[in-house]
Amino acid sequence: MNAASTTTTPDERVNPTTTARSESCDVLIVGAGPAGLCAARAAASRGAQVVVLDDNPAPGGQIWRTGPGVEAPAVARALLREVSAHRNIRILNSAKVVGVLADHWLLVETDSAAIRMQWSKLILCTGARERLLPFPGWTLPGVTGAGGLQALIKGGMPVRGERIVIAGTGPLLLAAAATARKAGAELLMVAEHASLQAVARFAMQLPRWPSKLVQALQMRDAAYRASSTMLSVSGNGMVESATLQQGARTVTLACDRVACGYGLVPNTSLAEALGCNLHHADGITAIAVDAQQATTVDAVYAAGECTGTGGSESAMAQGNIAGFAAIGELKMAHSYEKERARWSAFAALAATCFALDDSLKKLPHPDTLVCRCEDVSHGAMQAHSHWTAAKIHTRCGMGACQGKVCGTAAQFLYGWELPQARMPFSTARIGTLAECSPMPATSPDSAR
Ligand SMILES: Cc1cc2nc3c(=O)[nH]c(=O)nc-3n(C[C@H](O)[C@H](O)[C@H](O)COP(=O)(O)OP(=O)(O)OC[C@H]3O[C@@H](n4cnc5c(N)ncnc54)[C@H](O)[C@@H]3O)c2cc1C
């Protein structure tokens with residue numbers, strides 16, 4: 001039996017002019033990272049028809065991203081094999097949710113089609129994005145986020161022999177450095193903004209999570225420096241040098257590439273559009289969930305880093321809980337709660353030790369671009385008192401990334417609240433956007 005049923009006639013019923021096809025499933029999972037894959041396996045365990053969709057060309061999410069010569073770890077390979085072979089699970093790669101059409105209906109765009117996807121239960125496993133903060137030179141070719149560099153290398157970008165500086169804050173810096181070294185790059189410095197005391201506090205607690213301790217020991221890097229902050233990058237059309245603050249002194253390093261990221265921010269756009277409540281803590285906004293990973297909207301669950309950044313182990317535990325809870329297997333869901341609590345404690349420690357401090361607000365100069373899609377400078381943004389005014393007057397957030405980068409930076413730099421995300425959540429084909437007309441409310445069963 002197929003995991004999802006494809007219908008040919010409901011198109012006429014919901015929109016007489018549509019070219020999209022309609023599909024339906026019992027459980028729809030958005031995101032095929034550690035959380036989504038675990039949720040899929042759990043939700044399909046009692047026969048429910050499950051669809052997992054992800055905008056990447058292959059499942060695995062951020063941490064298990066593969067590419068030429070890059071293999072996912074054994075635990076990921078086993079999970080991927082199990083999910084891919086499951087008769088009740090269908091994985092849709094290169095498929096992104098671009099909008100909410102009606103209650104229990106999402107609009108999905110694949111490489112070749114638009115799909116109106118109807119679901120009975122929905123599990124959001126949309127992960128997190130890297131937080132980029134502007135500093136002079138950050139828009140030069142050759143500057144990326146730390147996770148961004150890692151993704152590019154995994155995707156096949158050659159860095160052999162390149163001199164690289166990695167900066168920002170959080171455990172992702174060391175993961176990116178390890179990937180770059182393995183690919184033959186020369187790491188000049190891994191500059192951690194957090195103080196030596198904060199890093200030591202984090203390291204001293206790691207024995208509570210032995211696998212993380214082993215990981216940290218494997219990834220330790222001689223170029224790692226705490227209390228170090230990227231100030232600027234210079235070069236003529238490409239990266240030529242990076243200047244960093246190291247304690248009281250300033251150092252300039254000749255280099256070919258710079259990667260700088262300040263932790264992760266949960267990806268909440270779809271949850272917001274569905275009306276799910278968010279929760280705010282330590283400057284991070286995430287999807288609010290209860291003990292069973294249920295959101296405040298009926299039949300909608302959320303798991304993994306969209307509910308708060310905490311690493312793949314936490315994402316997997318949450319995915320299992322959400323998947324079982326969605327099919328009413330509450331005893332099974334409950335059995336993963338201890339595991340979730342263990343990794344929540346790790347996430348809380350990382351959040352405190354690598355919290356951003358206000359000194360980072362001084363990094364951009366008045367002429368530093370904050371919105372790099374629409375070329376809007378820090379000075380131009382500062383002339384306004386809130387995001388909407390800045391957007392109306394400067395076009396910030398109206399470019400290709402739809403404010404995902406500059407909006408997050410503006411939240412931190414100016415303390416602005418961002419309005420609720422609206423569809424389309426990402427760039428989409430005209431043919432897909434034509435499907436965005438309102439649909440009459442239907443019950444999940446009526447389109448099958
Ligand atoms: C760039 C980057 C690199 C990272 N590298 C590491 C690392 O090396 N080591 C580590 O421990 N942690 C890393 N992390 C942290 C990592 O995100 C988590 O540890 C783990 O992957 C979280 O799992 P998840 O399932 O919650 O989310 P993810 O793995 O992020 O999976 C979410 C998936 O949902 C997809 N998605 C989101 N919105 C939509 C939509 N509207 N339509 C379709 N698909 C959608 C995303 O493309 C993504 O594939 C990285 C994070 C980022 C952002």
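This is a predicted model: local features need pLDDT of at least 70, side-chain atom pairs count only at pLDDT 80 or more; totals for chains, interfaces and linings use all residues.
View 1. Helices (H or I, at least four residues) and strands (E, at least two) are DSSP runs, numbered from the N terminus. Thr 268 counts as buried because its relative accessibility is 7%; buried means under 20% relative accessible area, exposed over 50%, and partly exposed in between (1.4 Å probe, protein chains only). Leaving aside residues up to four places away in sequence, Thr 268 touches Leu 278, Thr 285, Ala 286, Ile 287 and Cys 306. Contact here means heavy atoms within 4.5 Å.

**View 2. An open sheet of 3 strands.** Here the order is S13-S14-S15, and the pairing is antiparallel. Two strands pair if DSSP finds at least two bridges between them. Strand S13 (228-234) and strand S15 (249-254) are the edge strands, each pairing on one side only. From one strand to the next, the twist averages 25°; axes are lines fitted to C-alpha atoms, for helices over the stretch in contact, and angles run from 0 to 180 degrees between N-to-C directions. Strand S14 (residues 241-246) pairs with S15 over 6 bridges, and Ala 242 stands opposite Leu 253 in S15.

View 3. The pairing is parallel, in the order S9-S16-S10-S11-S12. At the edges are strand S9 (143-144) and strand S12 (224-225). S9 is joined to strand S16 (residues 257-262) by 2 bridges, and Val 143 has Val 258 in S16 as its bridge partner. Helix H4 (residues 146-154) lies across S9, strand S10 (163-169) and S16, at about 125° to S16.

**View 4. Helices H2 and H9 together.** The axes of helix H2 (residues 34-43) and helix H9 (residues 312-326) come within 7 Å and cross at roughly 30°. The two helices are therefore roughly parallel to each other, as angles under 35 degrees count as roughly parallel, over 145 as roughly antiparallel, 65 to 115 as roughly perpendicular and the rest as oblique. Among the residues that meet are Pro 34 and Cys 38 in H2, and Met 316 and Phe 324 in H9.

Note on methods
Residues are numbered from 1 along each chain as its sequence is written. Side-chain values use heavy atoms; hydrogens and water are left out.
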